[in-house]
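Please examine the sequence and the structure shown below before reading on.

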Amino acid sequence: MSTSTETAVDLSRPEVHLHIGSERLSEGSAGSFEHINPATGTVDKVIPLAGPAEVEHAVNAAAAAFESWKRTAPAERARLLHRLADLIEENAGEFGRRGAMDNGTPLGTVASLTGKSIAWTRYYAGWADKITAEVTSTLTADGELGYTLRQPYGVIGIIITWNGPLISLAMKIPPAVAAGNTVVVKPSELTPFSAELFADLVEQAGFPPGVINILPGDAASGAALIEHPTVKKISFTGGPVTASKILTACAPTMKPVVLELGGKSANILFEDADLTAACGFGTIMSVGAMSGQGCAFPTRMLVQESIYDQVLAMVEAIAEQIVVGDPFAEGTFAGPVVNRAAFERIQDVIAKAKADGARLVTGGGPLQLPGELAGGFFLQPTVFADVAPASELAQHEVFGPVLAITPFRDEAHAVEIANSTRYGLSGYVHTQDLKRGLRVAEELVTGEVLINGAANLPVNRPFGGLGLSGLGKEGGRAGIEEFLFTKGIGIA
């Protein structure tokens with residue numbers, strides 16, 4: 001593993017504002033936050049934080065805008081979303097720069113996520129004028145004319161996490177506004193720069209003031225958004241601990257929620273799999289991409305006993321070739337983890353796995369880089385073998401570059417291990433026996449199953465899990481239906 005020489009990139013950090021209606025506020029009542037560059041460990045920008053007062057202001061702006069936005073022609077909503085997608089595409093390079101500054105994700109990875117964000121925005125632009133309902137009864141047959149309407153809720157509160165600052169915005173905002181809702185969005189204070197550019201482009205696209213409000217804030221501002229009586233639904237991406245608090249806060253008013261949470265997804269490698277492809281995919285997508293900081297990544301590799309030693313050798317070789325370093329440098333594949341708290345927490349997980357008897361195959365500690373990167377939060381891609389299915393490493397999400405490998409005997413044993421956690425987000429299967437792949441896909445208790453390297457997050461396929469992995473769906477028709485309620489109407 002190595003780091004490349006930094007290329008000539010503008011490293012200046014942009015100013016960050018609270019975007020409420022037509023206002024751009026440079027201060028918030030919750031004070032400020034010192035953003036840390038995870039590649040150096042030093043403060044690179046002080047950003048304003050919204051408090052409950054700004055949340056109140058934003059919700060009022062969104063509520064006022066909703067009265068006209070819900071009556072805006074669907075074709076006009078589609079036009080504005082298509083314009084926003086065009087602007088994201090035109091600013092792809094700048095989103096790459098800002099994404100790397102936000103959380104240390106390398107430029108190449110941010111570029112791929114920017115492409116997905118454009119696709120998600122265009123897809124839901126296409127849905128804006130295709131929202132239909134049904135006739136449920138007729139006068140002749142039932143004595144009444146009955147039909148349904150699909151209507152927007154009103155103001156949607158959106159809270160996103162830090163690992164995919166642009167794609168998280170694109171997964172939530174376009175379907176919500178395409179359906180006729182207005183939104184108040186609280187991006188993570190850890191990743192403010194991409195959200196700032198997104199807000200600028202919303203204004204440039206011509207959205208009416210108040211339809212999309214974006215304001216980084218603290219925990220109190222998040223609570224104020226969730227509990228506000230004018231906010232009719234919450235869409236949240238994050239961890240199950242915070243999600244439980246959201247459910248508690250929403251319970252008294254039965255406020256509906258969409259929760260996209262974490263995972264401990266199993267990646268099952270059968271003995272007939274294409275091992276070159278399967279090992280490459282399973283290693284890169286667990287300890288390489290985004291430094292393992294992804295909810296749907298295949299962080300448990302279940303390997304049939306007959307190929308176990310062969311797979312371990314292949315995974316070790318691949319992991320040790322992953323280039324970890326400066327996110328702005330050409331050739332870097334994995335950057336730092338997001339902050340010091342994550343850096344230390346992941347090392348504690350690694351130490352506990354060793355103590356529990358898992359066998360360290362490669363990695364296992366910090367990665368010391370030269371120069372100003374010496375203070376960065378870099379970790380070695382880490383692989384453990386012989387991980388007991390009931391162990392902490394196999395049962396709990398790490399959200400870092402740590403892969404757990406466990407052997408299995410046969411198909412039934414693989415499914416049993418895969419379904420043994422409280423998560424249920426994604427499942428992965430590698431086999432050349434299509435019948436077996438489809439059979440296993442039906443047995444896995446997950447929101448999605450990807451066979452032989454199928455891609456994550458295509459917008460046309462619903463995404464969302466079960467259990468500790470959340471509630472509801474993002475993507476596909478289901479994604480826009482989350483932001484519509486059904487009203488039944490009967491005429492005697």
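## The start and end of helix α10

At the start of α10, the backbone nitrogen of threonine 276 has a side-chain oxygen of aspartate 274 within 3.3 Å. A polar contact is a pair of N or O atoms within 3.5 Å; within protein, one must be able to donate a hydrogen and the other to accept it, and residues adjacent in sequence count only if both atoms are side-chain atoms. Methionine 290, which follows α10, has a positive phi, near 55°. Helices (H or I, at least four residues) and strands (E, at least two) are DSSP runs, numbered from the N terminus.

This is a predicted model, in which local features need pLDDT of at least 70, side-chain atom pairs count only at pLDDT 80 or more, and totals for chains, interfaces and linings use all residues. Residues are numbered from 1 along each chain as its sequence is written, and side-chain values use heavy atoms, with hydrogens and water left out.

Helix α10 (residues 275–288) is largely enclosed by the rest of the structure, because 11 of its 14 residues are buried (under 20% relative accessible area, with exposed over 50% and partly exposed in between; 1.4 Å probe, protein chains only). Among the buried residues are Leu275, Phe281, Met285 and Val287. Their cover includes the strands β12 (266–269), β13 (300–304), β15 (382–385), β16 (402–408) and β18, together with the helix α11 (308–319); contact here means heavy atoms within 4.5 Å.

## The largest cavity

Seven cavities of 30 Å³ or more are found in a search of the whole structure. On a 1 Å grid over the protein atoms alone, a cavity is a set of points where a 1.4 Å probe fits but cannot get out; lining residues have an atom within 4 Å of a point. Grid points are joined across faces, edges and corners, and a volume is the space filled by probe spheres set on the points.

The largest cavity has a volume of about 100 Å³. Its lining consists of 13 residues, with Val110, Leu113, Gly164, Pro165 and Leu166 nearest the centre. At least two lining residues come from each of α3 (92–103), α4 (107–127) and α6 (165–178).

## Glycine 164

Glycine 164 is located in the loop between β7 (155–159) and α6. Glycine 164 is buried, with a relative accessible area of 4%. Between glycine 164 and glutamine 293 the C-alpha to C-alpha distance is 9.2 Å, although they are 129 residues apart in sequence.

Note on methods: On a 1 Å grid over the protein atoms alone, a cavity is a set of points where a 1.4 Å probe fits but cannot get out, and a pocket is an open set with protein on both sides within 12 Å along at least five of seven lines; lining residues have an atom within 4 Å of a point.
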